[in-house]
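Biologist: Could you take one part of this model and walk me through it closely? I'd like to see how that part sits in the rest of the assembly.

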Amino acid sequence: MTFTGLLGDALFLVVLTAVAVPLGRYMYRVMEGERTFLDRIFDPVERAIFRISGIDAQKGMDWRKYVIAFLLSNLVMAVLVYLILVFQTSLPLNPAKLGPITPTTIFNTVASFIANCNWQVYAGETTLSNFSQWALQYLQFTSPASGMIVAVAFARGFVANRPDLGNFYRDFVRSLTRIFLPIAFVAAVVLVALGVPDTLGGPVVAHTLSGLTQVISRGPVAAFEAIKQLGTNGGGFFNANSAHPFENPGPWTNLIEEFLMALLPTSLVFTFGHYIKNIKQAWVLYGVTMFLLVGLLVLVYSAEASGNPLLRHVLGVAGPNWEGKETRFGIAGSSLFTSLTTAYTTGAVNNMHDSLTPLGGLVPLFQMMLNSVFGGKGAGLLNMLMFVIISVFVTGLMVGRTPELFGKKIEAKEVIAASVAFLIHPLIILWPTAIALSTAAGKAGILNPGFHGLSEVVYAYASSAANNGSAFAGLAASSPFYAISTGIVILLGRYLSMILMLYIAGSLLKKKTVPVSPGTLRTDTWTFGTVFLGVELIMGALTFFPVVALGPIAEQLAMLAGKVF
Amino acid sequence: MVMDIWRNVRLAVVTFVLFAVIYSLAVLGIGQLVFPWQANGSLEVRQGKVVGSMLIGQKVTSLDLFHGRPSATANPATGKPEPYAANNSGGSNLGPTNKALVQEVKANIAAIRPMIGSARPPANLVESSGSGLDPEITLQDAMLQVPAIARRTGIATSTLRQLVLRDAEGPTIGLYGPWRVNVLRLNLALQSLINQR
């Protein structure tokens, strides 16, 4: 670890926060239909979209209608992209002449991209035509928008005297045109300027200095890259994702990509503050979460900077753990990316997580297990608030009264729903892991032997369940066993908890707002923040401790003892 | 319900046109018009032939030239190891306690020995990159190769050092990324020096 490295990472987080606070306010204004400076451009676009689709975007929706619109729209978009992938060979823009895609890969890919997960069982440059990439890029816009507005609808459940949760379609289109499209467009142009290609020309054959030929895959990368990061999608254009020099050519693009993925989920915490008319509450949630993020960032950075002791002792290799990392990002830039991509559940990687040191690899795994260190679009905030509800319940038990949250009484119904939402996550990680480890098909997919093999499997399901999409990529993820099982886990992880959270919002909406009294448990204090942190860590850590002990922790001890597998 | 589905189909199609096609074409158009070199892959053309992309590393076989990092990529058709296969990016994915990692790094050390002499093998130069296409090495690792190249080519070490320093790039705004050099750019300059002799 160097001082410069830490300073760079710290500066990044300060700038991020400075932008996220005002952007959170802008997002609130967009979602509540207030005037913004982009109206002149996008009002006509929006009207055209609704005229063509024939959707009435004015009527308010209760939670059931909102859920149905959310599921139905997602299903239709998934089917559209499914058909495009099935007919890849008959569709245009396939300069590399890539063949048909296997059915299990198509299933997994569509599930993964509609769910904002972007787990990839294929390598982009050897599987997808440019048109298929565009189709996935389409889902990279719509899936984060869907997730974000579900969180917004949830926030509306706390607003006093609101008749409904809003209109799904109106929220959907507004968030796309006023938030995702303009930021992605500007970012894409900047990325091209900094070296990210954007061309429909096919692969280029180079005649290298050493007299060899090198086939260089290209494509419309910059447009894809911008929304891949901004939408916390993370599915790479190329197999190596943001480690590929065409996706991420240098330190500047690396900073921009990190910034894009962290921007909206951080801002959304402040948007939520505006909904409940309590910015201090937003700062408490932000502060606790940032504390976790920074602590885990320092852990991964120090683990990677100290290098691999096995290679040092056996082969005399000097230096940090460079395996799977790119020179231009350095160890600090790689660690920050690893930390952010799993905190914000983006899943893009600028280094290969499978080759991280055991403790370094524990950090992304643990953040996906918590699934609430800011998290992805909407899903992350929902998980944070789920932990808040559980924390409020726990503190309510301590003082023996029905707790309130942001002025609404939290009763058995809400606590049960939040608890179920909490339990889904470990269940859909640990059960499939157990099944994979007890079947031949599951074990056959493991690349690295020993404790690391267990980490590979549990990482796959944690990444699927958290809709992250990063991988310990040694795992043979494209085998039918993993393609199908991770696909199912991705869908469960995405939709079950979101439906439950909308159910809670619907129930809260109907409740009268209770005025603040001396007996109210205040949740916008650092005392409550500490309880919140404790609940997150105890519930998150205890649930997963056994499997983490058998995976990364055991491997770290083995590595320090000089054992190889 | 049927009407709802039909409306959603129309919504999906119109948003598809907007976010898959119009957005893509807008970025494509600006990229091709304003930044054509970058947008087409930062290709270096010499005597009408593409010698490579300035962003993509390439396999160096000659002992006269600077060597890049190990690459764990494979040929996409055969699946056989083929370093710097720029149509099939990826890392080794070997875990830190995997015997295969130790063996791989051992082989990488043996391969780079002629370039670094008896020096302690630096991690960056013997551990494979994440993309398998890393175009750069650290400044120290370039300097480490100077004596061997000077011996082979007869170019003075001071000239070679200057060459390396001329192409070296420091951390962005003093904070982000290590001191490093682009191996292809360096080798193009070195090659023309060799050709002049």
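**A close look at chain B**

Modeller: Let's start with a strand pair: in chain B, strand S1 (residues 43-46) and strand S2 (residues 49-53) run antiparallel, joined by four bridges. Bear in mind that this is a predicted model. To pick out one pairing, B:Glu44 has B:Gly52 in S2(B) as its bridge partner. The two strands make a hairpin with two residues between them, and B:Gln47 in the turn has a positive phi of about 50°.

Now zoom out along the chain. Chain B splits into domain 1 (2-37) and domain 2 (44-196). Taken over C-alpha atoms, the centres of these two domains of chain B are 40 Å apart.

Next comes the side facing the partner chain. Here 88 residues of chain B are in contact with 102 residues of chain A. S2 is among the elements of chain B that each supply at least two residues to that side, and so are helix H1 (2-34), helix H3 (99-116) and helix H7 (183-196). H1(B) gives the largest share, 21 residues. By type, the residues on this side of chain B come out as 42 nonpolar, 34 polar and 12 charged.

Finally, a look at the packing. The largest nonpolar core has 226 residues, and A:Val81 and A:Leu502 have the most contacts inside it. Helix H6 (residues 130-156) of chain A contributes the most to this core, with 16 residues. Leaving out residues up to four places away in sequence, A:Val81 touches A:Val110, A:Phe113, A:Ala135, A:Leu136, A:Tyr138 and A:Leu139.

Conventions:
Residues numbered from 1 in each chain as written. Chains lettered and ligands numbered in written order. Predicted model: local features only at pLDDT ≥ 70, side-chain atom pairs only at ≥ 80, totals over all residues. Pairing = 2+ DSSP bridges. Domains from an automatic or database assignment. Core = buried A, V, L, I, M, F, W, Y, C linked by C-beta atoms within 7 Å. Buried ≥ 20, exposed ≤ 12 C-beta atoms within 10 Å, placed from the backbone. Contact = placed C-beta atoms within 7 Å. Nonpolar A, V, L, I, M, F, W, Y, C, P; charged D, E, K, R; others polar.
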